[in-house]
Amino acid sequence: MNKIFPQGDGNDGAAGAKALPGGEGDMPQSLPSFLVARCGDPSSWIYSDQKCDGANNCGDCSDELSPVTACPPCGPGWWRCPSTVFGYCGCIPRSLCRDLVQHCSDWSDEYSCPGP
C-alpha cells in the first residue's frame with residue numbers, strides 16, 4: 001500500500017499521495033512520533049498537521065472522520081455535508097456551494113448552503 005505524505009511545488013502547500021520505498025507500514029524513523037499519524041489503513045501515514053485540515057489526505061477520510069480522528073466542526077468557510085467529492089470528507093469549501101454542481105450526496109450544497 002502507498003504511504004501518504006505532502007508533496008507539491010513548494011509554492012501552494014498542496015498535499016498528495018506518493019509511494020515511499022520500503023515495506024508495508026514503514027514510517028519515517030528519523031522523525032519524532034508526534035509528527036506522523038497512521039491512517040485508517042495501518043500501512044498508510046500522514047504528517048500530523050494534515051489531520052483535520054479538511055482534505056482527504058489518507059485517501060479513506062480517516063484523517064478527517066472518527067474513529068481514527070476527532071475533528072472539530074467545519075470552520076466558517078466550510079459547509080458540513082455528506083460529501084461526494086473525493087478530495088473532501090465531511091465538509092466542503094463554501095466556494096463550491098451554489099455552483100450548479102453536486103458536491104454533497106444530499107444536494108445541500110446547492111439547495112441549503114448560503115454560499116461563500
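Predicted model: local features only at pLDDT ≥ 70, side-chain atom pairs only at ≥ 80, totals over all residues.
**Disulfides**

A disulfide is a covalent bond between the sulfur atoms of two cysteines. In this model the count of such links comes to five. Three of them are set out below, with the distance between sulfur atoms and the handedness of each link.

| Pair | S to S distance | Torsion about the S-S bond | Handedness |
|---|---|---|---|
| Cys39 and Cys58 | 2.0 Å | about -80 degrees | left-handed |
| Cys61 and Cys89 | 2.3 Å | -90 degrees | left-handed |
| Cys97 and Cys113 | 2.1 Å | about 85 degrees | right-handed |

The link between Cys39 and Cys58 has a torsion of about -80 degrees about its S-S bond and is therefore left-handed. Cys39 has a relative accessible area of 7% and is buried. Cys58, at 10% relative accessibility, also counts as buried, because buried means under 20% relative accessible area.

Cys61 and Cys89 form another disulfide, with 2.3 Å between their sulfur atoms. Their link, with -90 degrees about the S-S bond, is left-handed. It connects distant parts of the chain, 28 residues apart: Cys61 is in the loop between β4 and β5, and Cys89 is in the loop between β5 and β6 (91-93). Both Cys61 and Cys89 are buried.

In the pair Cys97 and Cys113, the sulfur atoms are 2.1 Å apart. The torsion about this S-S bond is about 85 degrees, so the disulfide is right-handed. Cys97 is placed in the loop between β6 and α1 (108-111) and Cys113 in the segment after α1; the pair therefore ties together parts that are 16 residues apart in sequence. Cys97 counts as buried at 3% relative accessibility, and Cys113 is buried with a relative accessible area of 0%.

**The largest pocket**

Rolling a probe the size of a water molecule over the atoms shows where empty space is left. The largest pocket holds about 250 Å³ of space. Its lining consists of 18 residues, of which Glu64, Cys71, Pro72, Arg80 and Cys91 are the closest to the pocket centre. By residue class, the lining comprises ten nonpolar, five polar and three charged residues. Domain 1 (21-71) and domain 2 (73-115) each contribute at least three residues to the lining of this pocket.

**The annotated region**

Residues 72-111 carry the UniProt annotation "domain: LDLRAD1-like C-terminal", which comes from an unreviewed entry. Over this stretch, 72-111, the chain is 10% helix and 15% strand.

**Asp26**

Asp26 lies in the loop between β2 (16-17) and β3 (36-38). With a relative accessible area of 34%, Asp26 is partly exposed, because that class falls between the 20% cut-off for buried and the 50% cut-off for exposed. Asp26 and Ser43 are 17 residues apart along the chain, and their C-alpha atoms are separated by 7.2 Å.

Technical notes: Residues numbered from 1 in each chain as written. Heavy atoms only, no water. Helix = DSSP H or I, 4+ residues; strand = E, 2+ residues; numbered from the N terminus. Buried < 20%, exposed > 50% of the residue type's maximum accessible area, 1.4 Å probe, protein only. 1 Å grid on protein atoms, 1.4 Å probe; cavity = no way out; pocket = protein on both sides within 12 Å on 5 of 7 lines; lining within 4 Å. Points joined across faces, edges and corners; volume = space filled by probe spheres on them. Nonpolar A, V, L, I, M, F, W, Y, C, P; charged D, E, K, R; others polar. Domains from an automatic or database assignment. UniProt positions renumbered as here; feature names shortened; annotations may be inferred. Disulfide = S-S within 2.5 Å.
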